[in-house]
Amino acid sequence: MARGAKGPAHHNSHQSVTRPLRQVYASTLVGVPGPAEKATEQDRRDLIVTVARELAETEGWAGVTTRRLAERTEIDMGDIYRHFADLEALIAAVAVCAFADLAADLAEAHAETAGSPEGVWPAVATAYLDFAYTNPEVYDAMLALTPDLALGVDGVPAAPRAVFAELRAALTPLAEGRDPDTLAEVGWSLLHGVVMLTRGGRLRPEGQEDREALIAQRLLRWP
């Protein structure tokens, strides 16, 4: 399993609001006696996903190989292939997990500003940007390497739809008669576009805060 590495992300002005990667699955391994072979099948699968996610963020997807995963997880290479036939299947599993994490972050940001409907979108937009800039390789897995997870594809898992639902809920108070689904699609497009262009060094560094403030606070409001 290997894929060409992406260029390095160089945005560091955002603080992470996501949970540590191993924390997501720590509860599944608590109390399991001995190494990974004593864990359940679901435990093994979860551990493979967690370690793949860690490797991707530290070394790029080119560093995610079956041999490296076997070394880190203490799971036989054959068992890894039994859970994930190829890198694409593993990337998809990482992406679904990350979508769930992002949805949780957005929901938390929404809940913290629930008393101010017009303040929800700025908080949710900031949480989205924090996640995207803090987890660039995982973000690529979510939105660049997994076309089957698109909203318009039949059978897309619940996690990507949950992210869209959180964006829609945050923007609905600003709709003013506009279609909330379309507004959410535009909002998501703006956030994703600024993330990718910023990471690629295509925009003026000194204008970053102004661009993000414009998206979060002004651009989607009714004139």
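Trainee: What should I know about the model before I start?

Mentor: It is predicted: local features need pLDDT of at least 70, side-chain atom pairs count only at pLDDT 80 or more, and totals for chains, interfaces and linings use all residues. Residues are numbered from 1 along each chain as its sequence is written, and side-chain values use heavy atoms, with hydrogens and water left out.

Trainee: How many helices and strands does the protein have?

Mentor: Helices (H or I, at least four residues) and strands (E, at least two) are DSSP runs, numbered from the N terminus. Here there are ten helices and zero strands, so the order of elements from the N terminus reads α-α-α-α-α-α-α-α-α-α.

Trainee: And how do I read burial?

Mentor: Buried means under 20% relative accessible area, exposed means over 50%, and partly exposed lies in between (1.4 Å probe, protein chains only). Buried residues account for 44% of the 223 residues. As for the surface, areas come from the Shrake-Rupley method with a 1.4 Å probe, and for residues only the protein chains shown count as cover. The protein exposes about 11,000 Å², of which carbon and sulfur atoms supply 54%.

Trainee: Which residues touch the most other members of the largest nonpolar core?

Mentor: A nonpolar core is a set of buried Ala, Val, Leu, Ile, Met, Phe, Trp, Tyr and Cys residues joined through side-chain atoms within 4.5 Å. The largest one has 60 residues, and Trp61, Val64, Leu69, Leu90, Trp121, Tyr128 and Leu167 touch the most other members. Helices that each supply at least two residues include α2 (41–59), α5 (87–112), α6 (117–134) and α10 (208–218). The most comes from α5, with 13 residues. Domain bounds come from an automatic or database domain assignment; domain 1 (40–84) and domain 2 (91–222) both give residues to this core, so it lies between them.

Trainee: How many aromatic pairs does a search of the whole structure find?

Mentor: Rings of Phe, Tyr and Trp (its six-membered ring) pair if their centres lie within 6.5 Å; planes under 30 degrees apart count as stacked, over 60 as edge-to-face and the rest as tilted. The search finds two pairs. In one, the ring centres of Tyr128 and Tyr139 are 6.0 Å apart with planes at 90°, so this pair is edge-to-face. It links helix α6, which holds Tyr128, to helix α7, which holds Tyr139, eleven residues apart. Both Tyr128 and Tyr139 are buried. Phe164 and Trp188 form a tilted pair, 6.3 Å centre to centre with 35° between the planes. Phe164 sits in helix α8 and Trp188 in helix α9, 24 residues apart. Phe164 counts as buried at 13% relative accessibility, and Trp188 is buried at 12%.

Trainee: Where does UniProt place the "DNA-binding region"?

Mentor: UniProt positions are given in the numbering used here, feature names are shortened, and annotations may be inferred rather than shown by experiment. The unreviewed entry places this feature at residues 65–84. Over residues 65–84 the chain is 75% helix and 0% strand, with end C-alpha atoms 12 Å apart.
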